[in-house]
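Please walk me through this structure.

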Amino acid sequence: MPTALITGACGFIGRNLIQKLLRSDYTIVAVDCVDAIHSCYENDPRVTYIHSDLSDVNSGFDNVPHCDMLFHLAWKGVTAEFRSDITVQKKNIDICVNVIELAKRLAIPRVIFVGSTMEYCYNEKPICEESLPTPSNCYGSCKVAARFICSQLCADQGIEFEYAVIASIYGKGREDSNVIYYCIKSLLQKKSPDVSSCVQLWDYVHIDDAVNALQLIGEKGIPGSFYSIGTGENKPLKYYISVISSLIDDSIPINFGAIAQTGNRIANSSVNIQKLTQDTGYKPSYCFSEGIAEVVDYYRNK
């Protein structure tokens, strides 16, 4: 029975990853800075919960069982109001370094860090292992820095390191202020959402597909690899909003172009999943229209 240590365990990705791994007969060491373990696994004896913000990993981890892999999901300041705050963002680099120190001390052989497409905002082609970082804010810049620093630290310590950039995630239970959630909430309230021209290319991946990909990377990924997680169906953002409109009420107009495009470059969030599929056998199971219908129903009944 494999064991995984997961930081950021009470976040949206973390708790869904834990549920996925538990269904695959894993035992879990869940690490988070919230005061109480998340209700979805608080009574499961296979889950050991450690309260820590990872600023100090020299205490609190003494009785951790042997772990086969570590998924580092924790990151402070992921919401829009903190993404350009260097004081908040640079602390994450130290936390990432601490995580590698923890992996070394606990003799964890494999570490998987989770990144963001915000590290690659201005790539004209879908993000892959050959893409050059083009971050647009401190959040993306510190993610890039943490990746390369921790990759080198792992190489020095003989720890396998893999990096996974995930496209935009959606699913039931996620509370977000991004454009698709804004449009869902507006349309359910019979309001016309104001959006940009929405010509940028985007990939939305269902949470179940995202955590399945992470599990496959943990089990089958090639050490040192960079993986992009998504569906590979990179379409204009306008397409996704139109699907949402058709599910709720397409008689309510979408005000495309009401919000002006800022800057001279268009930020894309599209990914190339070829290497992920080749190395791990990953295949997305959700099409957007199917997955987002679940989300619409969730908010409609909330």
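Start with a serine. Leaving aside its neighbours within four places in sequence, S186 is in contact with K191 and P193. This model is predicted. S186 is found in helix α4, which covers residues 179–188. Is S186 buried or exposed? S186 is buried, because its relative accessible area is 7% and buried means under 20%. Its side chain reaches the backbone oxygen of Y182 at 2.9 Å. Now look further along the chain. I254 is 68 residues away from S186 in sequence, and their C-alpha atoms are separated by 10.0 Å.

Next comes helix α2, residues 86–105. α2 has 20 residues. From its first C-alpha to its last, α2 reaches 29 Å, close to the 28 Å expected at 1.5 Å a residue. The N-terminal end of α2 is capped by D85. There, a side-chain oxygen of D85 lies 3.0 Å from the backbone nitrogen of T87. The buried residues of α2 include V88, N92, I95 and L102. The buried residues of this helix pack against β1 (3–7), β4 (69–72), β5 and α3.

Q89 is buried, because its relative accessible area is 0% and the cut-off for buried is under 20%. What is Q89 in contact with, leaving aside its neighbours within four places in sequence? The residues are W75, K76, G77, F82, R83, C138, Y139 and C142.

Now turn to helix α3, residues 138–157. α3 has 20 residues and reaches 28 Å from its first C-alpha to its last. That is close to the 28 Å expected at 1.5 Å a residue. At the start of α3, a side-chain oxygen of N137 comes to within 3.3 Å of the backbone nitrogen of Y139. Just after α3, G158 takes a positive phi of about 75°. Among the buried residues of α3 are Y139, G140, C142, K143 and R147. The buried residues of α3 pack against α2, β5 (110–116), β6 (160–166) and β11 (226–229).

How do the two helices meet? The axes of α2 and α3 come within 9 Å and cross at roughly 20°. α2 and α3 are therefore roughly parallel to each other, as angles under 35 degrees count as roughly parallel. Their crossing is right-handed. On the α2 side, the residues that meet α3 include I86, Q89, I93, C96, V97 and I100. On the α3 side, those that meet α2 include C138, Y139, C142, A146, I149 and L153.

D25 has a phi near 70°, a positive value in a residue other than glycine. D25 lies in the loop between α1 (12–23) and β2 (27–32). D25 is partly exposed, with a relative accessible area of 48%. L54 also has a positive phi, of about 70°, although it is not a glycine. L54 has its place in the loop between β3 (47–51) and β4. Is L54 buried or exposed? L54 counts as buried, at 3% relative accessibility.

Technical notes. Residues are numbered from 1 along each chain as its sequence is written. This is a predicted model: local features need pLDDT of at least 70, side-chain atom pairs count only at pLDDT 80 or more; totals for chains, interfaces and linings use all residues. Side-chain values use heavy atoms; hydrogens and water are left out. Helices (H or I, at least four residues) and strands (E, at least two) are DSSP runs, numbered from the N terminus. The expected span of a helix is 1.5 Å times one less than its number of residues. Buried means under 20% relative accessible area, exposed over 50%, partly exposed in between (1.4 Å probe, protein chains only). Contact means heavy atoms within 4.5 Å. A polar contact is a pair of N or O atoms within 3.5 Å; within protein, one must be able to donate a hydrogen and the other to accept it, and residues adjacent in sequence count only if both atoms are side-chain atoms. Axes are lines fitted to C-alpha atoms, for helices over the stretch in contact, and angles run from 0 to 180 degrees between N-to-C directions. Angles under 35 degrees count as roughly parallel, over 145 as roughly antiparallel, 65 to 115 as roughly perpendicular and the rest as oblique. A crossing is left-handed if the near helix is turned anticlockwise from the far one by less than a right angle, and right-handed if clockwise.
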